[in-house]
Amino acid sequence: MEIYDLTAHELAEYIQKGELSAEEVTRAVFSRIQEVEEDVQAYVTLTEEKAYAQARHVDEQRRAGKKLGPLAGIPVGIKDNMCTKGIRTTCSSRILENFVPPYNATVVEKLEAAGAVMTGKLNMDEFAMGSSTENSAFFPTRNPWDLNCVPGGSSGGPAAAVAAGEAVYALGSDTGGSIRQPASLCGIVGMKPTYGLVSRYGLVAFASSLDQIGPFTKDVRDCALVLNLIAGHDPMDSTSAPNPVPDYTSFLTGDIKGVKIGVPREFFGEGLDPRVAETVRNAIDKLADLGAIVEECSFPYAEYALPVYYIIAPAEASSNLARYDGVCYGYRAVPEKGEKYDIIEMYMKTRSEGFGAEVKRRIMLGTYALSSGYYDAYYLKALKVRTLIKDDFARLFENYDVLVSPTSPTPAFRLGEKAGDPLTMYLSDIYTIPVNLAGIPALSVPCGFVDGLPVGLHLMGPAFGEGIILKVAYAYEQNTSYHRARPPLQGREKVKASGKTSGGR
Amino acid sequence: MDNYEAVIGLEVHVELHTKTKAFCSCPNEFGKEPNTNVCPICLGLPGVLPVINEALLEYAIRAGLALNCEIAAFSKFDRKNYYYPDLPKNYQISQYDLPLCRNGYLDIEVNGATRRIGITRVHMEEDAGKLVHGEGGADYSLVDLNRAGVPLLEIVSEPDIRTPEEAKAYLEKLKSILSYIDVSDCKMEEGSLRCDANISVRPAGTDILNPKTEIKNMNSFRAVQRALEAEIKRQCAVWAAGGTVESETRAWDENKGTTVPMRSKEEASDYRYFPDPDLVPIVISPDRVSRIRRELPELPDARARRFTSEYGLSAYDAGVLTASRALADFYEACARNYRDPKLVSNWVTGEFLRLVNARNLEIRDVKLTPAHLVEMLELIDKGTISGKIAKTVFEEMFDTGKRAEEIVKEKGLVQISDEGELSRIVEEVVTANPGVVADYRNGKEKAFAFLVGQVMKATKGKANPQLVNRLLKERI
């Protein structure tokens with residue numbers, strides 16, 4: 001195995017023992033980036049200089065005999081919607097193409113304090129709106145398992161980077177599945193923690209009541225380690241939970257005897273690729289073999305999750321994205337010589353030119369849903385159904401420790417395949433969206449392949465039940481080998497022949 | 001116009017003088033260079049989140065209680081969405097359907113009668129920045145966000161106000177109460193209190209609700225009164241001419257002395273209010289409300305009642321003295337240490353306020369201390385200075401902060417009570433004015449006053465007036 005193929009906990013052990021320096025690890029990852037980035041296109045911005053400086057600092061500390069944190073010296077990529085002081089943060093949007101934040105997101109502060117080595121900022125669907133990363137204003141990212149396929153989205157950059165060895169782990173954000181779906185499509189572990197577990201301060205908001213930051217890792221232990229690092233109360237985020245944070249690695253016992261697992265039948269209905277269904281069913285059988293008690297159950301409001309989400313998320317987005325107006329920062333439309341814009345023209349041109357089609361679509365949907373005369377029928381109704389969905393989950397968690405489903409109804413699809421059909425694209429998140437509406441945690445763990453493309457098993461737990469989810473995922477992973485598979489970057493020649501999609505870096 | 005009555009409701013915004021802004025830790029200060037009192041949060045940069053300043057909540061509850069409101073056990077913040085370049089997020093954090101305070105009132109006195117004006121709601125929100133238009137003839141505008149995020153209370157009255165005079169009295173009482181509880185300095189001229197008015201007119205004695213107009217751009221209490229007077233006149237004229245008043249927003253034009261149209265109701269924005277998902281609901285315990293209620297200071301109405309009973313003042317004087325907490329405190333500090341509280345009241349409502357206004361001062365900036373005023377009154381009692389001289393001494397004390405005794409000594413203002421010296425002067429005056437003396441003897445009382453005046457003139461006002469009276473009477 002190459003250095004870039006190793007997990008964070010493996011590398012950390014080498015670094016702590018002095019068998020590898022943080023600088024060597026960083027060099028390995030950057031040479032991997034050099035090697036494959038042209039095909040994968042995961043990064044919007046690379047921060048090589050900063051990475052080496054951070055790595056050398058960790059090495060100095062080690063030489064000085066200081067105790068290193070569990071992730072010190074490990075290269076990490078950050079989705080480009082988390083603010084990084086002095087490093088541009090674009091949300092893969094023209095409107096923030098040159099925006100350089102004067103402050104760090106809380107998670108970035110935590111990473112820096114823990115000796116993380118930041119490789120760069122990762123591509124995404126513009127403002128995290130999408131399920132394929134094709135909505136990036138700069139270029140689409142490709143799936144390392146098949147470069148003709150999408151990596152999923154919106155955190156396609158983080159998922160592809162970790163899968164391809166261009167980062168050892170990454171941070172993404174998940175509003176309706178944006179961590180779990182790309183993790184599933186790229187064959188890695190991705191977790192959306194409980195709403196409020198990880199501070200959102202510095203995460204550029206898409207839908208504030210749904211957004212949550214979480215890890216992309218190569219295995220479940222790494223996921224627990226990263227969660228240890230980023231979880232915890234933040235006084236800068238009023239929605240951040242005051243709960244004490246356990247050591248998540250303490251749940252990695254491998255023993256799931258007697259754990260009660262519910263399988264909601266609504267998550268295996270129409271639209272699910274039968275090969276994915278079979279793969280996931282096999283994984284569930286494996287859990288039963290390991291001693292878990294598996295039962296079918298019902299989630300009656302599941303079918304309303306998607307419509308509810310497409311009211312609430314755009315409504316919040318329409319307000320959150322109002323600030324991109326060209327007045328104080330970001331892109332501003334400039335009139336032709338001799339012309340002048342009044343304030344309204346400046347607003348309209350700036351936002352028309354600065355936002356992509358999907359973002360505009362959602363701003364319009366959300367503005368409509370909040371408009372007087374429609375508010376009660378759409379937004380208020382959606383809030384009520386959201387409560388019913390929460391109640392559904394709460395009822396199920398009275399009987400089950402975790403719920404399982406496929407993460408995504410299909411494996412990775414081809415670039416362009418769904419790009420022209422937003423509704424079909426939205427269905428890609430049908431199993432992940434209810435989790436965000438209820439604010440509960442969920443994780444996707446690799447559970448097999450369909451035609452050489454990874455499939456993910458979706459594990460959902462009660463609020464602040466990250467521990468039990470990690471426990472089940474870890475037991476499953478320890479008894480399977482999917483997490484050790486590395487992507488072949490197939491289709492490379494074809495991509496080369498068709499030429500680079502576009503620039504923007 | 002006599003056949004119509006006005007229906008007026010006021011919407012008042014006051015800036016709270018908390019130490020920091022409403023949702024970030026920037027100092028709540030004025031007068032800094034543009035865009036220097038800002039941070040990522042009040043600039044609305046991508047990714048930032050608001051966190052409520054606990055002091056804002058504390059101040060708002062205090063204000064709600066002082067205005068006799070119910071304090072909501074459960075309340076929340078909403079986003080008011082509209083685009084304006086001085087609003088960095090293009091939404092304002094405000095409160096919509098669940099305001100913190102509701103159903104209050106305050107009492108006003110106009111022409112000797114007390115009227116109770118209902119307060120519909122009091123809610124918290126953040127202020128916007130400021131636009132500076134066309135400075136030095138520029139064809140662009142500049143944005144200053146120093147004020148963005150400053151905490152505001154919006155106080156909405158019921159449409160209980162009937163006259164422009166009542167509107168002014170309402171604002172004065174509101175200012176008085178809010179200053180008493182130390183949440184805002186309420187200076188309309190400086191923008192820390194802003195007022196919009198909703199007004200309609202109807203045939204007197206009916207309860208018809210006619211279309212109302214909203215009046216903006218009034219920069220003083222006086223302007224509110226004048227604008228409402230002008231608007232009543234305008235609306236009455238429209239109805240009298242058989243027309244219909246349009247529901248619209250109008251601006252007060254101070255120079256023209258009239259209101260002018262700003263925008264019609266059709267152009268009104270849809271603010272698309274919805275609960276702010278970045279802020280958690282506000283839950284207030286009954287214990288917290290009782291604690292804040294206990295800690296409220298004595299409010300102006302109660303204090304005025306006490307002044308009339310405790311110090312024997314007239315209701316009018318008590319009202320004047322208690323309108324400002326600083327003035328009432330000053331008065332009371334003197335009254336407690338002097339034998340005649342009414343005499344203190346005369347000095348404070350008279351000379352003291354005259355000089356405060358003439359010098360354009362805030363009471364807290366006055367150099368004269370209550371102890372010094374009491375000392376001066378005691379000098380009069382002792383006969384060291386006359387009441388007339390005291391006015392000169394008082395003004396000097398007021399301007400310099402010196403003690404009365406010091407001033408009297410410096411300027412040689414000690415009263416002449418030496419009978420021998422005064423007799424000599426009286427003799428001179430009588431000799432010099434035989435005609436006037438004759439007039440007096442023929443029953444002209446005024447002639448006597450003239451003679452007293454001549455003695456005072458000769459002594460530069462230092463003669464003991466009682467002694468002069470006696471000596472003159474004895475002599476003529």
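**One residue and its surroundings**

Tutor: A:Lys121 is found in strand S3 (residues 117–122) of chain A. Helices (H or I, at least four residues) and strands (E, at least two) are DSSP runs, numbered from the N terminus. This is a predicted model, where local features need pLDDT of at least 70, side-chain atom pairs count only at pLDDT 80 or more, and totals for chains, interfaces and linings use all residues. Residues are numbered from 1 along each chain as its sequence is written, while chains are lettered from A and ligands numbered from 1 in the order in which they are written.

Is A:Lys121 buried or exposed? A:Lys121 is buried, because 26 other C-beta atoms lie within 10 Å. The cut-offs are 20 or more for buried, 12 or fewer for exposed, and partly exposed in between, with C-beta atoms placed from the backbone.

Now its neighbours. Leaving out residues up to four places away in sequence, A:Lys121 touches A:Tyr43, A:Val44, A:Thr45, A:Ile78, A:Asp80, A:Thr84, A:Ile87 and A:Thr89. A contact needs C-beta atoms, placed from the backbone, within 7 Å. A:Val76 is 45 residues from A:Lys121 along the chain, and their C-alpha atoms are 9.5 Å apart.

Step back to chain A. Chain A has 16 helices and 11 strands. Its radius of gyration is 22 Å, close to the 23 Å of the globule rule for 505 residues, so chain A is as compact as a globular protein of that length. That radius is taken over C-alpha atoms, and the rule is 2.2 Å times the number of residues to the power 0.38. Along the principal axes, the C-alpha atoms of chain A fill a box of roughly 70 × 55 × 50 Å. Of the 505 residues in chain A, 60% are buried. Take the contacts in chain A between residues at least 6 apart in sequence: 77% join residues at least 24 apart.

Next, the contact between the chains. Chain A puts in 37 residues and chain B 24 residues. On the chain A side, helices H9 (305–320), H10 (343–354) and H11 (357–370) each supply at least two residues. H9(A) gives the most, with three residues. By class, the chain A side has 22 nonpolar, 10 polar and five charged residues. Here Ala, Val, Leu, Ile, Met, Phe, Trp, Tyr, Cys and Pro count as nonpolar, Asp, Glu, Lys and Arg as charged, and the others, Gly among them, as polar.

On to chain B. It holds 15 helices and 16 strands. Its radius of gyration is 29 Å, whereas a compact globule of 476 residues would have one near 23 Å. The C-alpha trace of chain B spans about 90 × 55 × 55 Å along its principal axes. Of its 476 residues, 39% count as buried.

Helix H14 (residues 445–458) of chain B packs on helix H15 (residues 465–475) of chain B at about 125°, with axes 10 Å apart. That makes H14(B) oblique to H15(B). B:Leu451, B:Val452 and B:Val455 in H14(B) meet B:Val468, B:Asn469 and B:Leu472 in H15(B). This contact has five nonpolar, one polar and no charged residues. Axes are lines fitted to C-alpha atoms, for helices over the stretch in contact, and angles run from 0 to 180 degrees between N-to-C directions. Under 35 degrees is roughly parallel, over 145 roughly antiparallel, 65 to 115 roughly perpendicular, and the rest oblique.

Terms used:
Contact = placed C-beta atoms within 7 Å.
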